[in-house]
Amino acid sequence: MNNISMDTMTVVEANNGFDTRFPAKEDLSLPYRQLFPLITKAANTPFHAMLPHRIKQNIVGLKHVLSRYLGERFQVLYAMKTNRSAALVKAAAEEGIGIDVSSLEEFQLALTQGVCGRDCSLSGPFKSVEFLTLALRQNARIVVDSDEELLQIQNLAVSIGKTARVLLRWNAEQPHTRFGMNTVKLKAASLVADSLSNIELEGAGFHLSGYCPLERGKALSDLLDAADALRYGADIRWKVINIGGGYPLRYVEEATWRRFQNAIDKQDFVAGRMPKSFYPYWHPDTLETAVEKVLIESGNAERLKANNIELSVEPGRALTDGAGFTAFEVLGTKTTNAGDHCVVVKGLSFSFSETWFNSEFIVDPVHLPASQETTKSTNPVRAYIAGQSCLEEDVLTYRKVPFSQMPKAGDLLVFNNTAGYLMDLLETRFHGLPIPNKVVLDNKEDSFSIEEVRG
């Protein structure tokens, strides 16, 4: 176990002249360093630090933009698949927003953390009977993926004497997606839903890949056209349109991102394993400006208000911006036969999952030595970072990260801004290793709590 001293905990930065650094926009761990000796003793390593107050700040900012354009005709849902931390879900509930859930277990967690069932939205194709039954009893909204699922929900609703609030999923005319319906099928399903006894059709929604707000704005405009056609042609009036998630955030400063794009090369990665694409770690838009552009495009905000349609948005990663960091303890280092330096950490890359998606987290970890002695001399080195398993692919960074000196056993490597999809998406008890603890800091620099571990 790491016995790092709060008196000797020092950040080791790479020399300015040694390679190119890609630091995080903000070192989220800095206010909590004095707690690290206690945290590592109580929670062991690796650990995920959760900062629920940060998701609250992001919610407030998003609500401000939406209310400016739409008044009170909007709903924000947190896409829980991003991070299943109970502390984040509770924070979302305290800010009065809903939760997008994709499993019975997610739904149950949302309810235990104070989220009203009516404020939850069920995603995913062909949901289980147990999942749908709880939704019907809690009056949650159900996103319907197909005609077949619509009839399944109708039959279940009839059998238990409930009415299902449904939203039809449009595929935005994407040809190679398995989710949702095209415009022709969407209109037909609207007619069917309107005729069913135990279905309350509330509207439609979509999810797009990528982070272009203008594409989302155009898709919203097209869906509003479909709403107009149904209203005038069949007197079917949608109450809600859901435009999903996929909003950008900034992990690094713009200059850092530009420097990365200009400087990075295959030689910076072990065996030349440079990904073909990277997440946009800096984006010209933020969550707020992206949503604003969606609303401005094609007069969408005015059309929503004129037709009394509520806008629903489901950010995931963008809402967790700044809401967590992850700390790994160094087990040791070695030099491979190819001459590459490798830092092996306690834990698995499943707890830091970007490389499993053929990509890479470009933000440099912060190196915290276990003792002051390790900071007296500098010997710059570049090293990639691997987990402790027997898998060759158990790698946190194929990129050779620059260190001013080689990390040693007992040191900590802290990765910033990992709450969005990087923590628990792939976590597993491979080798029988425990799931890392989530430590809740919640803007308290003198105390912490540990969440129940969820497999």
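## Helix α2 against α3

Axes here are lines fitted to C-alpha atoms, for helices over the stretch in contact. In this predicted model, the axes of α2 and α3 come within 9 Å and cross at roughly 40 degrees. The crossing of these two helices is right-handed.

On the α2 side, the contact is made by Pro-52, Ile-55, Lys-56 and Ile-59. Helix α3 contributes Ala-87, Leu-88, Ala-91, Ala-92 and Glu-94. By class, the contact of α2 with α3 has seven nonpolar and two charged residues, and no polar ones.

## Helix α2 against α10

Helix α2 (residues 52-70) also meets helix α10 (residues 287-296), with axes that come within 9 Å and cross at roughly 20 degrees. Angles under 35 degrees count as roughly parallel, so α2 is roughly parallel to α10. The crossing of α2 and α10 is right-handed.

From α2, the residues making this contact are Asn-58, Gly-61, Leu-62, Val-65, Leu-66, Arg-68, Tyr-69 and Leu-70. From α10, they are Leu-287, Glu-288, Val-291, Glu-292, Leu-295 and Ile-296. The contact of α2 with α10 divides into nine nonpolar, two polar and three charged residues.

Helix α4 spans residues 104-112, and its buried residues are Leu-104, Glu-106, Phe-107, Leu-109 and Ala-110.

Just after α4, Gly-114 has a positive phi of about 95 degrees.

Conventions: Residues numbered from 1 in each chain as written. Predicted model: local features only at pLDDT ≥ 70, side-chain atom pairs only at ≥ 80, totals over all residues. Heavy atoms only, no water. Buried < 20%, exposed > 50% of the residue type's maximum accessible area, 1.4 Å probe, protein only. Helix = DSSP H or I, 4+ residues; strand = E, 2+ residues; numbered from the N terminus. Axes fitted to C-alpha atoms, helices over the stretch in contact; angles between N-to-C directions. Parallel < 35°, antiparallel > 145°, perpendicular 65-115°, else oblique. Left-handed = near helix turned anticlockwise from the far one by under 90°. Contact = heavy atoms within 4.5 Å. Nonpolar A, V, L, I, M, F, W, Y, C, P; charged D, E, K, R; others polar.
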